Amino acid sequence: MPIIRVAVPVPKRQFFEYQHTSALEPGIRVRVPFGPRKLVGVALETTDESQWQSDKLKAILEVLDDAPIFSPIQLKLCQWLSQYYQHPIGDVLHSAMPVSLRKGGSSEPKPVSFLQVSKQGQQADSASLGKARKQQQLLAQLQQDEASYSSILAQYASTTVKALIEKELIEQVERIPSLDTNWLNDLNIGEKPLPNVEQAIAISQITAKIGEYASFLIEGVTGSGKTEVYLQAIESVLTQSKQVLILVPEIGLTPQTVERFAKRFNVPVGILHSNLTDNERLLVWQQSHAGQLPIIIGTRSAIFTPMKSPGMLIVDEEHDSSYKQQDGLRYHARDLAVMRAAQEKIPLILGSATPALESLNNALNGKYQHLILNERAGNASHPKQQVLDIRNQPLEFGLAKGIIERIGQHLAQESQVMLFINRRGYAPALVCHTCGHVEECPGCNKPYTLHKQLYKLQCHHCGSAKAIPKRCQSCNSTELSAMGLGTEQLEQGLQTLFPQYTSVRIDSDSARGKNRLNDMLDKINRNEYQILIGTQILSKGHHFPNVTLVVILEVDGALFSADYRAAEHLAQLVTQLAGRAGRAEKPGEMWLQTHDPSHPLLQDLLNNGYSHFARYALLEREQAMLPPHTYQALFRAQSSDPRLANQLLMDISQQFSYSKHVQCIGPLPALMEKRQGKFRMQLVLISSNRAALQHTLSQAMPNIEQLPLATKVRWALDVDPQDFM
């Protein structure tokens, strides 16, 4: 009887063997007994010889697929992921599947909820809905074409949908969508702008490599037309009946990206992000696998989407930290995209105005082809970037007098103003004015953030919350004061300073909900808001043509961070934010308030730009023997008893004491030493040779898993760590 080697989603770095009546192709899902449980695994190999006694092997309970759901290339990529990130192969394959397939569901298409106009709605005039503008828009949209329920909820509130259903103007239907692979017949290239010289060179170099592997880094200033380069390069791929997978860092970017791509090519576009239902994600996965979707756009996990005829991979805003998974399988989608493009023999495009130093180093060393876009598209000009010294200056709601005047001037010219502060809530601390006591989260030993609108104190590290106290817990005083500035307080202050203008706050509190962010972005582009206040969400590639002034508050803390990547992240943030200004006909400017105006990082960034800063930072990294010139792996351990976490990492470090190629640093406390009541320690491994580090890790991991404390202390390995929090 054939023996099937199966990858099972358990924390064991091995496959398991089962008996079956016939051989199975690699990539087929099976249901197998595993102790008292029944798990869904993936067949990897059929053999006649067992590593164990074959008469003791259990039988496969059920074969779930008629054909493999993973291609040989996908299996090879998953095996690479398992080896490189030192993660169990069963868990890797589990992560690469849609949720419904992980649960053992059928790989056949399932019905999906759609919204369509009713017979009454076909004849209805949207103007008959009176002042219900959203209902008018939705009815007009569905009169053009039906849409999935989830895509509509991403654009409209559920109350808007229900109102039209109750008026019998639209109806909800359940069915399996019918797409075919003849989308090439519908391909119709829409009107496109004439590229400038830099864009034309980039497009020609990319299209010359279609059908073979090549990696391109597009280093283009904000507003330089990187997306137009993508669009014109994709055109050559689609005309050859091949598919394109595009990764974007945030869900909020997908609607505007999808709209632009669909309008240009008139072909189906698949969307993959966490707001979809399990069935909807499975449907896109299946349609892409069958070649029915020419373009697939998604966030990090979309990198696992199968394509029948792969033609190109694109990673937009490739520097963004959201491409790195921070728990479970700690992969980096950008690095996996490089491996996948090489395996599929297709071109890869990495695009950013502020490329990660790892990508820039690869481009400068010739591993990637380097394409530079220095000019903004159209008539847009580069924004002026300036520093304002706020030492000894009185501040009103965190703003210097000169900045308040500049805001007023831009608003008077009917332009929009954007203000950035990387602190949501009203204030970062609540302090007793009498005794100085600070309200702290007991699980993290960090101050609670004050949220006035929600009337609560919340820890932004672990999420715990409580009501705002009326008295000090230490001295019983009622004189409790908010210390510091957050987005809520800044919004309140600007409403006081400029009552004649409308403001909007965009952070993870105000943008919570499926359609909230898109609704706010639409209103911004319609100029219904003149003052935009927010956190990093505002820096994520949004196009606001009427914004002419960007103000950045309170960035000084990042200048003195213990994390060596902090300078890179700050430079990327400042450059991305500056790029939100002056993207159309109006000139833009950016002001950065600081108590340290002469800091070398700020001066280099503002006077010479990100490109010069990044190259100088690479030189600093080389001298300090830091990535990308060396390679790192990070062991994290946490326990309610810090001695246990420390001892486990000490024991782990002993496994590398005899290696000539790997240096251990630690154990050391994490930058945030306590979280949710657990003390957190770290051990850093550094090597100048990536292969040597990988070999040493693979040799040590079996011994590490057998350490006495390995089952008593929660620990994890992070290869190529991106943060040390």
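This report describes the cavities, a pocket, the nonpolar cores and several individual residues of one predicted model.

The model is predicted, so local features are reported only at pLDDT of at least 70 and side-chain atom pairs count only at pLDDT 80 or more, while totals for chains, interfaces and linings use all residues. Residues are numbered from 1 along each chain as its sequence is written, and side-chain values use heavy atoms, with hydrogens and water left out.

## Cavities and a pocket

On a 1 Å grid over the protein atoms alone, a cavity is a set of points where a 1.4 Å probe fits but cannot get out, whereas a pocket is an open set with protein on both sides within 12 Å along at least five of seven lines, and lining residues have an atom within 4 Å of a point. Grid points are joined across faces, edges and corners, and a volume is the space filled by probe spheres set on the points.

By these criteria the structure holds two cavities of 30 Å³ or more, and the largest cavity has a volume of about 90 Å³. The lining of the largest cavity is made up of Phe70, Gln74, Leu77, Cys78, Leu81, Ala96, Ile303, Phe304, Leu336 and Arg340. Helices and strands are DSSP runs numbered from the N terminus (helices H or I, at least four residues; strands E, at least two). Helix H1 (72-84) and helix H12 (333-344) each supply at least two residues of that lining, and H1 gives the most, with four residues. For the composition of a lining, Ala, Val, Leu, Ile, Met, Phe, Trp, Tyr, Cys and Pro count as nonpolar, Asp, Glu, Lys and Arg as charged, and the others, Gly among them, as polar. The lining of the largest cavity then divides into eight nonpolar residues, one polar and one charged.

The second largest pocket holds about 600 Å³ of space. Its lining has 24 residues, of which Tyr84, Asp335, Asn362, Tyr631 and Arg690 lie nearest its centre. H1, H12, helix H13 (357-364) and strand S31 (631-639) each supply at least two residues of this lining, which divides into nine nonpolar, eight polar and seven charged residues.

## Nonpolar cores

A nonpolar core is a set of buried Ala, Val, Leu, Ile, Met, Phe, Trp, Tyr and Cys residues joined through side-chain atoms within 4.5 Å, where buried means under 20% relative accessible area, exposed over 50%, and partly exposed in between (1.4 Å probe, protein chains only). In the largest such core, which has 109 residues, Ile303 and Phe635 touch the most other members. Helix H18 (residues 600-624) gives the most to this core, with nine residues. Apart from it lies another core, of 31 residues, among them Trp183, Leu187, Leu231 and Met312.

Contact means heavy atoms within 4.5 Å. Leaving aside neighbours within four places in sequence, Ile303 is in contact with Leu245, Leu247, Leu313, Tyr331, Ala333, Leu336, Ala337 and Arg340. Ile303 also belongs to the lining of the largest cavity, as do Leu336 and Arg340.

## Annotated cysteines

An unreviewed UniProt entry carries the annotation "binding site" for Cys432, Cys435, Cys472 and Cys475; UniProt positions are given in the numbering used here, feature names are shortened, and annotations may be inferred rather than shown by experiment.

Cys435 is placed in the loop between strand S20 (429-432) and strand S21 (440-441), and Cys475 in the loop between strand S25 (465-467) and strand S26 (480-483). Not counting residues up to four places away in sequence, Cys435 touches Cys472, Ser474 and Cys475, while Cys475 is in contact with Cys432, Thr434 and Cys435.

## Other residues

The table lists the accessibility of selected residues.

| Residue | State | Relative accessible area |
|---|---|---|
| Valine 6 | buried | 0% |
| Glutamate 49 | exposed | 61% |
| Cysteine 435 | partly exposed | 39% |
| Cysteine 475 | partly exposed | 33% |
| Glutamine 489 | buried | 15% |

Valine 6 lies in strand S1 (residues 3-7) and, residues up to four places away in sequence not being counted, touches Phe15, Phe16, Tyr18, Val30, Gly41, Val42 and Ala43. Glutamate 49 sits in the loop between strand S4 (37-47) and strand S5 (62-63), and, leaving aside its neighbours within four places in sequence, is in contact with Ile3, Arg5 and Glu17. Its C-alpha atom is separated by 9.8 Å from that of isoleucine 4, 45 residues apart along the chain. Glutamine 489 lies in helix H15 (residues 487-497).
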